[in-house]
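Work through the exercises below with the sequence and the 3D structure at hand. Try each task before reading its solution.

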Amino acid sequence: MSSKDRYKAGSFVDMQFIISSISTTLVLLLLGMVAFITLAAHNLSVYVRENISFSVLVSDDMKESDILKYQRSLNKEPFVKASEYISKEKALKEHTEAMGTDPEEFLGYNPFTASIEIKLRSDYANSDSIAKIEKIIKSNSNIQDVLYRKELIDAVNENIRNISLALLALAAVLTLISFALINNTIRLAVYSKRFLIYTMKLVGAGWGFIRRPFLRKHVWSGVVAGISADALLMGGAYWTVLYEPELIYVITPEIMLLVCGSVLMFGVVMTWLCSYVSVNKYLRMKANSLYHI
């Protein structure tokens, strides 16, 4: 076997490769969890906003057929995600079941009003937009009132905004930490080969030839780490949705594909970049400097 072949063969899968892959996997897993939580939090905010509803109270003079026709016209509006018609009888039944008493028995009449429950699209689920929507709906003379809890909507939006900012800050910090940890892992691996790098320089090997095995080895380490981290993330997401099926609206396949793709890409790019920088550092060093680091 030639020295070139020995150099290539001795630079691939070994204990150092395994340890580096495991270390990188743990870092990528942490980064992937942060990316997953950040993206899932966005879906959760959309889900929460789109489950905030308000009631459109309809005049008793309006026929049920006209109410249903008006409901269909509302469904065509860009701000409506879904709507439900609640008749006077249904409202009375729901109240009776919830409170255990029938107000019609002692009042002698049904005190409830027919209404349309509207769920908004997430972009319109804020006080300013609802105020404009209220004016549009109230322009119909058959509408008695529009009921919604302004303080609840404001509180939900404020909490979502604060949580989103906190998650973005956490993601930025952990990205820097992840880069530092991966860089340190690869730098230590290259450090142990610094004399081999210098020897290759002495026999006339070019910088590209010397770098190539290190880059290939650590990129493959990044691929293995990325796939391992993705497998753990997908497994965790699968068991979470299996435990609570409603979370499928938050942990969507699109989010998991985006997270897994990002983790794999980050693993490859970071290992290549850190390996390139580390090898270049020792390529530039003089012989005496190798003994003092």
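A nonpolar core is a set of buried Ala, Val, Leu, Ile, Met, Phe, Trp, Tyr and Cys residues joined through side-chain atoms within 4.5 Å. Buried means under 20% relative accessible area, exposed means over 50%, and partly exposed lies in between (1.4 Å probe, protein chains only).

The model is predicted: local features need pLDDT of at least 70, side-chain atom pairs count only at pLDDT 80 or more, and totals for chains, interfaces and linings use all residues. Residues are numbered from 1 along each chain as its sequence is written, and side-chain values use heavy atoms, with hydrogens and water left out.

**Exercise 1. The cores**

Task: State how many residues the largest nonpolar core has, and which of them have the most contacts inside it.

Solution.
Step 1. The largest nonpolar core has 30 residues.
Step 2. Leu28, Ile182, Val190, Ile197 and Met256 have the most contacts inside this core.
Step 3. Now look for the helices that supply the core. Helices (H or I, at least four residues) and strands (E, at least two) are DSSP runs, numbered from the N terminus. At least two residues of the core come from each of H2 (15-49), H7 (150-191), H8, H9 and H10 (253-283).
Step 4. H10 gives the most to this core, with 10 residues.
Step 5. A second, separate core has 23 residues, among them Val80, Leu120, Ile143 and Ile160.

Task: Find which residues Val190 is in contact with, leaving aside its neighbours within four places in sequence.

Solution.
Step 1. Contact means heavy atoms within 4.5 Å.
Step 2. With neighbours within four places in sequence left aside, Val190 is in contact with Ile197, Phe214, His218, Ser278, Val279 and Tyr282.

**Exercise 2. H8 against H9**

Task: Describe how helix H8 (residues 194-202) and helix H9 (residues 207-243) pack.

Solution.
Step 1. Axes are lines fitted to C-alpha atoms, for helices over the stretch in contact, and angles run from 0 to 180 degrees between N-to-C directions. For H8 and H9 the angle is about 150°, and the axes are 10 Å apart.
Step 2. Angles under 35 degrees count as roughly parallel, over 145 as roughly antiparallel, 65 to 115 as roughly perpendicular and the rest as oblique. H8 and H9 are therefore roughly antiparallel to each other.
Step 3. H8 contributes Ile197, Met200 and Lys201 to the contact, and H9 contributes Trp207, Phe209, Ile210 and Phe214.
Step 4. Ala, Val, Leu, Ile, Met, Phe, Trp, Tyr, Cys and Pro count as nonpolar, Asp, Glu, Lys and Arg as charged, and the others, Gly among them, as polar. The contact of H8 with H9 has six nonpolar residues, no polar ones and one charged.

**Exercise 3. H2 against two partners**

Task: Classify the packing of H2 with H9 and of H2 with H7.

Solution.
Step 1. H2 and H9 meet at an angle of about 45°, with axes 8 Å apart. H2 is therefore oblique to H9.
Step 2. Residues of H2 in this contact include Leu28, Leu29, Gly32 and Met33, and those of H9 include Lys217, His218 and Trp220. The contact of H2 with H9 divides into 10 nonpolar residues, 11 polar and one charged.
Step 3. H2 and H7 pack at about 170°, with axes 10 Å apart. H2 is therefore roughly antiparallel to H7.
Step 4. The contact of H2 with H7 divides into 18 nonpolar residues, 10 polar and one charged.

**Exercise 4. Single residues**

Task: Is Ser59 buried or exposed, and which residues does Ser59 touch?

Solution.
Step 1. Ser59 lies in the loop between strand S1 (53-58) and helix H3 (64-75).
Step 2. Its relative accessibility is 14%, so Ser59 counts as buried.
Step 3. Not counting residues up to four places away in sequence, Ser59 touches Asn142 and Gln144.

Task: Is Ala98 buried or exposed?

Solution.
Step 1. Ala98 is found in helix H4 (residues 88-99).
Step 2. The relative accessibility is 64%, so Ala98 counts as exposed.

Task: Where does Tyr124 lie, and what is Tyr124 in contact with?

Solution.
Step 1. Tyr124 is in the loop between strand S3 (115-120) and helix H6 (127-138).
Step 2. At 29% relative accessibility, Tyr124 counts as partly exposed.
Step 3. Leaving aside neighbours within four places in sequence, Tyr124 is in contact with Pro78, Phe79, Ser129, Ile130 and Ile133.
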